[in-house]
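Let us walk through a protein model together, one step at a time. Please keep the sequence and the 3D view open as you read.

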Amino acid sequence: ISRLTPSQITHLRAAGKAEFHESLRGGQTTFHGPGQLTAFLILNLKTHGFTSRSYVQFLETSVIAVLAHYGIVGMRTENPGVWTVRDEGRKIASVGVHLRRYVTGFGVGLNVGTELGWFERIVMCGLPGKRATSFEEGYGRGGFGEWMIGFVEWNDGMSEHSRL
């Protein structure tokens with residue numbers, strides 16, 4: 001499963017400061033860590049009328065809606081995930097999906113209070129030269145705990161249809 005050399009894995013582990021795990025997830029190398037909101041849905045696409053493409057678009061649209069609620073303009077590009085309009089189009093959320101018999105695994109990693117230095121250790125999603133941003137570092141939006149309270153309040157206000 002691994003396409004990484006032992007020296008690359010050592011680099012990613014950052015002298016014991018991080019763990020490295022391989023998974024069968026769509027996309028290439030990604031980072032998940034403190035300050036990141038992850039949403040890994042497990043659902044049957046057929047039951048909910050999704051194709052794999054429409055499901056990824058649903059995840060991206062959901063993240064873009066959350067960003068808009070907080071005054072951040074997000075967008076899709078030809079590359080996977082959600083990108084910001086300002087900051088030269090930095091990536092604020094990763095999307096990676098694994099499907100088995102129409103059942104999803106994995107999902108979204110939204111950078112809220114993530115230490116962005118971790119992204120300098122990887123080629124994010126196999127896209128050389130692309131950079132990440134977060135709510136806190138790129139937009140100065142409150143602490144992670146404060147943001148999570150706001151997210152829960154926003155989520156409670158969503159319609160049932162939007163929630164699946």
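Which residue in E7 is the bridge partner of Ala-93? The partner is Leu-110. To see where this pair belongs, let us step back and look at the model as a whole.

What you see is a predicted model, in which local features need pLDDT of at least 70, side-chain atom pairs count only at pLDDT 80 or more, and totals for chains, interfaces and linings use all residues. Residues are numbered from 1 along each chain as its sequence is written, and side-chain values use heavy atoms, with hydrogens and water left out.

The protein has 5 helices and 7 strands. Here helices (H or I, at least four residues) and strands (E, at least two) are DSSP runs, numbered from the N terminus. Reading from the N terminus, the order of elements is α-β-α-β-β-β-β-β-β-α-α-α.

How far can you trust each part? Confidence is highest in E2, at 93, and lowest in helix H5 (residues 160-163), at a mean of 44. Over residues 158-164, pLDDT stays under 50, and the model has 10 contacts for them beyond four places in sequence. A contact means heavy atoms within 4.5 Å.

Now turn to the sheet. Its 5 strands are arranged in the order E1-E7-E4-E3-E2, forming an open sheet with antiparallel pairing. Two strands count as paired if DSSP finds at least two bridges between them. In general, strands of a sheet pair through backbone hydrogen bonds, either parallel or antiparallel. The edges are strand E1 (36-40) and strand E2 (74-75), each of which pairs on one side only.

Follow strand E7 (residues 107-111), which is joined to E1 by 5 bridges, the two running antiparallel. Along this pairing, Gln-36 has Asn-111 as its bridge partner in E7, and Thr-38 stands opposite Gly-109. E7 also pairs with E4, antiparallel again, through 3 bridges. This is where the opening pair, Ala-93 and Leu-110, comes in. E7 is mostly covered, with 5 of its 5 residues buried. Buried means under 20% relative accessible area, exposed means over 50%, and partly exposed lies in between (1.4 Å probe, protein chains only).

At 33% relative accessibility, Ala-39 counts as partly exposed. Leaving aside neighbours within four places in sequence, Ala-39 is in contact with Phe-106, Gly-107 and Val-108. Ala-39 and Phe-106 are 67 residues apart along the chain, yet their C-alpha atoms are separated by 7.5 Å. Across the protein, 58% of the contacts with a separation of 6 or more involve residues 24 or more positions apart.

Next, find helix H2 (residues 52-69). H2 lies across E2, strand E3 (82-84), strand E4 (91-95) and E7, and runs at about 25° to E7. Such axes are lines fitted to C-alpha atoms, for helices over the stretch in contact, and angles run from 0 to 180 degrees between N-to-C directions.

A nonpolar core is a set of buried Ala, Val, Leu, Ile, Met, Phe, Trp, Tyr and Cys residues joined through side-chain atoms within 4.5 Å. The largest one has 21 residues, and those touching the most other members are Tyr-55, Val-63, Leu-67, Ile-92, Ala-93, Leu-110 and Phe-135. H2, E4, E7 and helix H3 (135-139) each give two or more residues to this core, and H2 gives the most, with 5 residues. A second, separate core of 6 residues includes Phe-31, Leu-116, Met-124 and Ala-132. Across the protein, buried residues make up 38% of the 164 residues.

Finally, visit the loop between strand E5 (98-100) and strand E6 (103-105), where Arg-101 is found. Phi of Arg-101 is near 55°, a positive value in a residue other than glycine. Arg-101 is exposed, with a relative accessible area of 69%. Tyr-102 is found in the loop between E5 and E6 too, with a positive phi near 70°. Tyr-102 is partly exposed, at a relative accessible area of 47%.

Conventions:
pLDDT = per-residue confidence, 0-100.
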